[in-house]
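Morning, everyone. I'd like to walk you through a few helices today. Please have a look at the structure first.

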Amino acid sequence: MIPVFDPSGLSYEEWLRYFFDRPIMEFSEWYAEGSFQVDNEVTLLTYLQRFNIEFALLQKRFSIEQLDQGLWVLYGPAIHTGSHFISENVPLDLRLDAIASLEPLYLQAVKGWTGDIGETDSVFFMLWDLLLREMYYESEYRGRPPAGFDAILDKCAETLGRILELDDKACEVCALHGLGHLKTSSARALIHRYLEQHPDMPDAERVWGESCHRGEML
């Protein structure tokens, strides 16, 4: 029988050590430990919000590779964190605050990134893709949008817009990618405005930005 583990039953310090104080592993090794079940979604989002806000401090404890690895597990198919952001079991204010806390995460983790973040395996390039795919999938699975869904999507657009304005190429690339996965008119408007404000951007970047505007990026 496959063991089931609930990480929301951990204290915040235990949660940090469980997900981030590890050697770099194959994801199959994580899954070999068993499956995950989150019983207390409020705790999960509270921990993620605190993690996002305190990221700079955590960089002094864990390597960027360890932090990246743990976030892949949290936002990927192990924990399905995106589905918890739209859970009606969590107060809407907490869900909105947790999404807003992704702006300080990108400010601390991504701003100043050297090289093309889109060409790496960094979770920060893919995080909004993972988050939004889970949100939309969960909504479609239920057969109806959960309560507060429009407010959640609006907060995603607002937060991605703030990340887009951090005046940093890596942050812009991540935000455009996220906006491309956000199926709202406000997301399209933010991308359109960005493209208009950068008329001299290289052709390859403009082509990719336009694909984000169409929601057709790879």
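Let's start with helix H3, residues 41-53. Keep in mind that this is a predicted model. H3 has 13 residues. From its first C-alpha to its last, H3 reaches 19 Å, close to the 18 Å expected at 1.5 Å a residue.

Which residues of H3 are buried? They are Glu41, Thr43, Leu44, Leu45, Tyr47, Leu48, Gln49, Phe51 and Asn52. And what do these buried residues pack against? Quite a list: helix H1 (12-20), helix H4 (55-58), helix H5 (64-75), helix H6 (81-85), H7 and H8.

H7 is our next stop. This helix covers residues 92-100, and one partner to look at is helix H10, residues 149-164. Their axes come within 9 Å and cross at roughly 20 degrees. An angle under 35 degrees counts as roughly parallel, so H7 and H10 are roughly parallel to each other. The crossing of H7 past H10 is right-handed. Who makes the contact? On the H7 side, find Leu92, Arg95, Leu96, Ile99 and Ala100. On the H10 side, find Ala151, Ile152, Lys155, Cys156 and Thr159. Sorted by class, that contact of H7 with H10 has 7 nonpolar, 1 polar and 2 charged residues.

Stay with Thr159 for a moment. It sits in helix H10. Is Thr159 buried or exposed? Its relative accessible area is 2%, and buried means under 20%, so Thr159 is buried. Leaving out residues up to four places away in sequence, Thr159 touches Ile99, Ala100, Leu102, Glu103 and Trp128.

Now the other partner on my list, helix H8, residues 102-109. The axes of H7 and H8 come within 4 Å and cross at roughly 20 degrees. H7 and H8 are therefore roughly parallel to each other. Here Ala98, Ile99 and Ala100 of H7 meet Leu102, Glu103 and Pro104 of H8. By class, this contact of H7 with H8 has 5 nonpolar, no polar and 1 charged residues.

Last stop, a loop. Asp168 lies between H10 and helix H11 (169-181). With a relative accessible area of 11%, Asp168 is buried. What does Asp168 contact, beyond its neighbours within four places in sequence? Val110, Lys111, Gly112 and Trp113.

One distance to finish. Asp168 and Arg50 are 118 residues apart in sequence. In space they are 24 Å apart, C-alpha to C-alpha.

Notes. Residues numbered from 1 in each chain as written. Predicted model: local features only at pLDDT ≥ 70, side-chain atom pairs only at ≥ 80, totals over all residues. Heavy atoms only, no water. Axes fitted to C-alpha atoms, helices over the stretch in contact; angles between N-to-C directions. Helix = DSSP H or I, 4+ residues; strand = E, 2+ residues; numbered from the N terminus. Parallel < 35°, antiparallel > 145°, perpendicular 65-115°, else oblique. Left-handed = near helix turned anticlockwise from the far one by under 90°. Contact = heavy atoms within 4.5 Å. Nonpolar A, V, L, I, M, F, W, Y, C, P; charged D, E, K, R; others polar. Buried < 20%, exposed > 50% of the residue type's maximum accessible area, 1.4 Å probe, protein only. Expected span 1.5 Å × (residues − 1).
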